[in-house]
Amino acid sequence: MINFVPKYFPIMKKLILTALLLGFSAATTSAQNPTIAPIGLVDRNGTIAISQPETTIYITLTIEKESLTAGPYARYAMKYLGVAAPLADKISYEITGCRIDDSQTEQPCSEDLVCCTDAGQNRNVLPVDRLSGEQLSLERRAAEAAAKIFSLRRSRLDLITGEAGENVFRAGLEAALKEIDRIEQEYLSLFFGKRDTSLQTAYFSVVPTKDKPAYIICRFDPKSGLLDDSDLSGTPVLLDITATAVSTEGLEIKAKPTLKDKLYRIAGMAACRVLYKDTQIGSRTIPVYQLGETIAIQNK
């Protein structure tokens, strides 16, 4: 940014006056079409600045992280419940959201936003109604837990059908069913484990050029999550840009500009797509100055 002070630099008065007029013309033109900006010296609140219109594309990715802690009775799930359960701990990632902007959005803190968690649970928890001090084998405890699950389901059915709890109704019935569901989920977690889910937000920016239609913004792997764009172990997340024709409708453009004419940059519309494994996860059409044209507008 260049600051001029007319009092001490009288030779610059004519330049400043000219710049003020050009700035007024640029402001009028930009007000009519926000995708047009002046090129060269412009006046901004009394300050002479060099204008070189350039568009930055901002991409925001939302990543969901899921952590599974296997249950201590997982190996007996098929035997006692008839359903296979995960036998090992597992962490997986998935891109669940993508946003494309032509201006920088407010970025929250970099810490993960925890949506729900079951962390801190005791993986060796025993059935809550075990009253005996007898040492049971792991399979015996699994069998007791499975029996309790079926007992809870029978109790739920009896309450719903009215076979039990004749004095339990309305809010009391709703609270009883909710408590049965909670206890059942605790027993089921002994077989099927606990799942923790959190969201992560990642921000990227790209300054496109006219001769490059695609950009690797990062790499991603379902087992490792977000990776650097140079990490070849992940699959590229691409920003694909397709430029469309530049519209000059309503503008009086000079066919043969002279050195005295004021130049403007008119942005070209660009169809922006974010792709992962050839699947589109986000799209938006925005004006991009680098994909536009430099023109001289006839001043009236």
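How many residues lie between β2 and β3 in their hairpin, and which residue in the turn has a positive phi? The hairpin has 2 residues between the strands, and Asn45 in the turn takes a positive phi of about 55 degrees. This is a predicted model, in which local features need pLDDT of at least 70 and side-chain atom pairs count only at pLDDT 80 or more, while totals for chains, interfaces and linings use all residues. Residues are numbered from 1 along each chain as its sequence is written, and side-chain values use heavy atoms, with hydrogens and water left out.

Strands β2 (residues 40-44) and β3 run antiparallel and are joined by 5 bridges, where two strands pair if DSSP finds at least two bridges between them; helices (H or I, at least four residues) and strands (E, at least two) are DSSP runs, numbered from the N terminus. Arg44 has Thr47 in β3 as its bridge partner. Of the 5 residues in β3 (residues 47-51), 4 are buried, the term meaning under 20% relative accessible area, with exposed over 50% and partly exposed in between (1.4 Å probe, protein chains only).

Helix α4 (residues 171-192) has 22 residues and reaches 31 Å from its first C-alpha to its last, close to the 32 Å expected at 1.5 Å a residue, the expected span being 1.5 Å times one less than the number of residues. Among its buried residues are Leu177, Ile180, Glu184 and Tyr187, and their cover includes α2 (77-81), α3 (138-161) and β7 (194-206). Just after α4, Gly193 takes a positive phi of about 85 degrees.

The structure also holds 11 salt bridges, each a side-chain nitrogen of Lys or Arg within 4 Å of a carboxyl oxygen of Asp or Glu. Lys79 and Glu139 form one of these, with their closest N and O atoms 2.3 Å apart; this pair links distant parts of the chain, since Lys79 lies in helix α2 and Glu139 in helix α3, 60 residues apart. Lys79 is exposed, at 55% relative accessible area, whereas Glu139 is partly exposed, at 27%.

Within helix α3, Glu144 forms a salt bridge with Arg140, the closest N and O atoms being 3.9 Å apart, and because they are 4 residues apart in the helix, Glu144 and Arg140 are separated by about one helical turn. Finally, a network of salt bridges links Arg153, Arg156, Asp181 and Glu184, and Glu184 is also one of the buried residues of α4.

Conventions. Contact means heavy atoms within 4.5 Å.
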